[in-house]
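Biologist: Please take one part of this model and go through it closely, residue by residue where that helps. Give the cut-off behind each term as you use it.

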Amino acid sequence: PASLPVKINASSNVTDAAPISVALPDSGNEGVKIKLEIPINNSNSGIVVYIITEDGKPQLVKSGIATQNGVVVELDKSAKLMVVDNSKNFSDVGQSWSADAIRFVTAREIFNGTSANAFSPKNFMSRGMIAQVLYNFDSKAKASTSNGFSDISKDSWYADAVGWAAAENIVTGYSADNFGGEDNITREQMVAILYRYAEKCGCDMNPGKDAALGFADSAEVSDFAQPAMKWASATGII
């Protein structure tokens with residue numbers, strides 16, 4: 001990525017953040033994106049970028065990538081940006097092996113805590129949760145409670161997310177009318193869902209296509225999850 005020529009101090013909140021004007025050259029190709037690294041003095045995985053929209057409102061860039069020196073965003077035109085340390089303070093995370101990842105996803109509001117002060121890192125993830133996480137992340141996701149699953153109430157907190165994910169063929173049910181949103185998700189189910197989502201986003205799905213899974217329990221991977229597991233293993237996702 002191209003790098004800004006100055007280092008920025010990330011603000012602790014959006015209200016106090018100073019806007020940064022970034023002028024991009026006209027590429028002559030509509031839709032071409034430029035990767036821009038913003039160097040941060042106090043860099044950590046909770047640093048996020050907000051784009052100031054035309055109506056003056058800050059919009060969180062959930063796809064901003066944390067680096068050792070700052071944060072990388074993709075821009076397709078000149079913009080005004082704000083850099084904020086949006087790290088959440090959860091009392092139950094501490095110095096765990098997943099602390100940086102938790103800081104990354106919660107700062108970008110992809111994952112939420114189970115309360116204002118707790119993330120509950122040892123809790124199991126449900127099938128409804130993974131649909132909600134992808135729904136939170138996808139900037140083009142549109143709410144839909146028309147999912148066809150009789151076991152999901154329209155009042156369920158993940159109903160809109162499952163409706164969207166089912167319509168996009170990202171998630172499937174156990175049957176035509178049974179999704180099992182409260183069930184703990186298995187590792188192979190989660191990988192299959194991530195695989196379908198990556199495919200929807202136009203990612204390169206070739207890595208691992210012809211690879212052999214090298215895990216001692218590879219024979220236990222269900223047929224439906226084999227391509228997804230090979231892809232996720234080859235790309236280092238799992």
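Modeller: Leaving aside neighbours within four places in sequence, serine 218 is in contact (heavy atoms within 4.5 Å) with Leu213 and Gln226. The model is a predicted one, in which local features need pLDDT of at least 70 and side-chain atom pairs count only at pLDDT 80 or more, while totals for chains, interfaces and linings use all residues. Residues are numbered from 1 along each chain as its sequence is written, and side-chain values use heavy atoms, with hydrogens and water left out.

Serine 218 sits in the loop between helix 4 and helix 5; helices (H or I, at least four residues) and strands (E, at least two) are DSSP runs, numbered from the N terminus. Is serine 218 buried or exposed? Serine 218 counts as buried because its relative accessibility is 12%, where buried means under 20% relative accessible area, exposed over 50% and partly exposed in between (1.4 Å probe, protein chains only).

An α-helix has 3.6 residues a turn, so residues three or four places apart point the same way. The buried residues of helix 4 are Glu188, Gln189, Val191, Ala192, Ile193, Tyr195, Tyr197 and Ala198. These pack against helix 2 (127-137), helix 3 (159-167) and helix 5 (226-234). After helix 4 comes glycine 202, with a positive phi near 85°.

The second largest pocket is lined by Arg187 and Glu188, together with Phe215, Asp217, Glu220, Val221, Met229 and Ile238. A pocket is taken on a 1 Å grid over the protein atoms alone, as an open set of points where a 1.4 Å probe fits, with protein on both sides within 12 Å along at least five of seven lines; lining residues have an atom within 4 Å of a point. The space in this pocket is about 220 Å³, a volume being the space filled by probe spheres set on the points, which are joined across faces, edges and corners. Its lining has four nonpolar residues, four charged and no polar ones. Ala, Val, Leu, Ile, Met, Phe, Trp, Tyr, Cys and Pro count as nonpolar, Asp, Glu, Lys and Arg as charged, and the others, Gly among them, as polar.

Asparagine 69 lies in the loop between strand 6 and strand 7 and is partly exposed, because its relative accessible area is 42%. Not counting residues up to four places away in sequence, asparagine 69 touches Glu37, Ile38, Pro39, Ile40 and Ser43. From asparagine 69 to isoleucine 38 it is 31 residues in sequence and 8.1 Å in space, C-alpha to C-alpha.

Strand 6 and strand 7 (residues 70-75) are antiparallel over two bridges, with alanine 66 opposite valine 71. Strand 3 and strand 7 also run antiparallel, joined by six bridges, and leucine 36 faces valine 73 in strand 7.

How values were computed: Two strands pair if DSSP finds at least two bridges between them.
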